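I set out to look up selected features of this structure and to note each in turn. The entries follow the order in which I consulted them.

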Amino acid sequence: MRTNQYEAVIGMEIHVQLKTRSKMFCACAVQFKDRPNSNVCPICLGLPGTLPTVNLEAVRLAIKTALALNCTINKKSSFARKHYFYPDLPKGYQITQYKEPLAVNGHVEINGKKIRIKRLHLEEDSGKLIHSGRESLVDFNRCGVPLIEIVTEPDIRSPEEAVQYLGELKRILTYLNVSDCDMEKGHFRCEPNVSLRKVGETQLGVRTELKNLNSLRNVKEGLEFEINRQTKILTQGGKVVQETLLWDEKTKTALPMRSKEESEDYRYFFEPDLPPLIVPQSLINEIQSEIPLLPQARKKILVNKYQLNEESADIIIESKEFADYFDAVIKHCSNVQLVANWLITEVRGVLNTQNIPINEFPVSPDVLGELLTMIDRKEITIKAGKMIFEEILKTGRRAREIAEEKGLLISFEEDTLIKIIKETIQENHDVVEKYRKGKTTVLGFLVGEVLRKVKGKFLPQRVSELISKFLNESQP
Ligand SMILES: [Zn+2]
């Protein structure tokens, strides 16, 4: 083992904005399209004499997430004040959970490896600062919006693994419908911390934290940059300074933002205005029963029960809605592989070109299922199937109706096909002679001729069968 080689040790803190109608500790609407500072009240503005009340829906969504991430729910957790001064934080402190978080000790599995989750807790968001020219404006509409923070153990070893973890976490959260997870809109903010150590060593090195990574691509590039920077420092015999770095997407560099605060700097103490959060087992059980099949469980079914390959399965489980659509189509067409292929190529093609999500896809699962069953039973060719698919997209009519109207059903037209085959045999006397002299490879030419005349309406296999039959029957 080369001892001068470094390995990256990465941990993640993720803030997820919960999909509630109202804020964490007051009744203001969670609504960002509204006029700035219109969804505010004395509580979220931190006016003296006001008292917070816990939003039960936020607690439920947090518990749901924690259970899906295999965490243990603390039956008793508590809120704390985290003090810091910042213009977007009118109270001068943030209500969060510190010593007694809502949940601990979970994990997310990626490629058979467990990324451990240390804790998951509830907190409130701050307002939003908007800097324009020489002015800075503050919008308190986001102030007090419920968040969960999910903290991993430093189990991630590469930027690729970090992206895989985030992808899986986002999938789980959207399957649970607890958050929209739009990174650009700040629903899902991740702050990785990274340190290096020599391969084989167990002690952790000095870590830095990265902020302002608002896409998975930024996460990957930011981590790659920081790993290179630390590697250079360490190989030159220098020391990494513990600090927070701000990623700049344009220059692809991370610049120091501030030296990292220690938790003592925040003067945490128990929030005196809120009682401990007590979670009865009955509530945990109730929420557990509401958790849908999660992406990896669905993938297992696709691979093990339906024999789909991993790549296809990964695409199908990418969103819950897409996986649900797949499940609905296979109720109407038993050829699961055919359904998977069509969803991955044809249906996704339409979603991409029209830039719509699957729940806005205009073809209902039973209509698509009927079309695919016709292809599967060889009632129509794949080529005809694609034409019918286009027609369904335009008109919303059913596959069989279109196939009948356009004469695309193979069985109805076999008489015509036979006529064309006979014609073709007559027209190509010399080729037929060659065939009869034993040069059977010319059959392909005749099949091609016939297919050209019937415009691909029939299966090549069927055409070939019929031609051989006639050639052999009419042998002298
Ligand atoms: Zn409010």
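I began with Arg60, which counts as buried because its relative accessibility is 19%; buried means under 20% relative accessible area, exposed over 50%, and partly exposed in between (1.4 Å probe, protein chains only). I noted that the model is predicted, that local features need pLDDT of at least 70 and side-chain atom pairs pLDDT 80 or more, and that totals for chains, interfaces and linings use all residues. Residues are numbered from 1 along each chain as its sequence is written, and side-chain values use heavy atoms, with hydrogens and water left out.

I then looked up the partner of Arg60 and found a salt bridge with Glu290, the closest N and O atoms being 3.1 Å apart; the term requires a side-chain nitrogen of Lys or Arg within 4 Å of a carboxyl oxygen of Asp or Glu. Arg60 lies in helix α1 and Glu290 in the loop between α4 (281-289) and α5 (295-305), 230 residues apart; helices are DSSP runs (H or I, at least four residues), numbered from the N terminus. Glu290 is partly exposed, at 36% relative accessible area.

Next I checked Glu226, which forms a salt bridge with Arg229 at 2.8 Å, N to O. Both lie in helix α3 (residues 216-235), three residues apart. Glu226 is buried, with a relative accessible area of 0%, whereas Arg229 is partly exposed at 23%.

I also recorded a salt bridge between Asp314 and Lys299, with 3.0 Å between the closest N and O atoms. Asp314 is in helix α6 (residues 310-316) and Lys299 in helix α5.

Terms used:
Helices (H or I, at least four residues) and strands (E, at least two) are DSSP runs, numbered from the N terminus.
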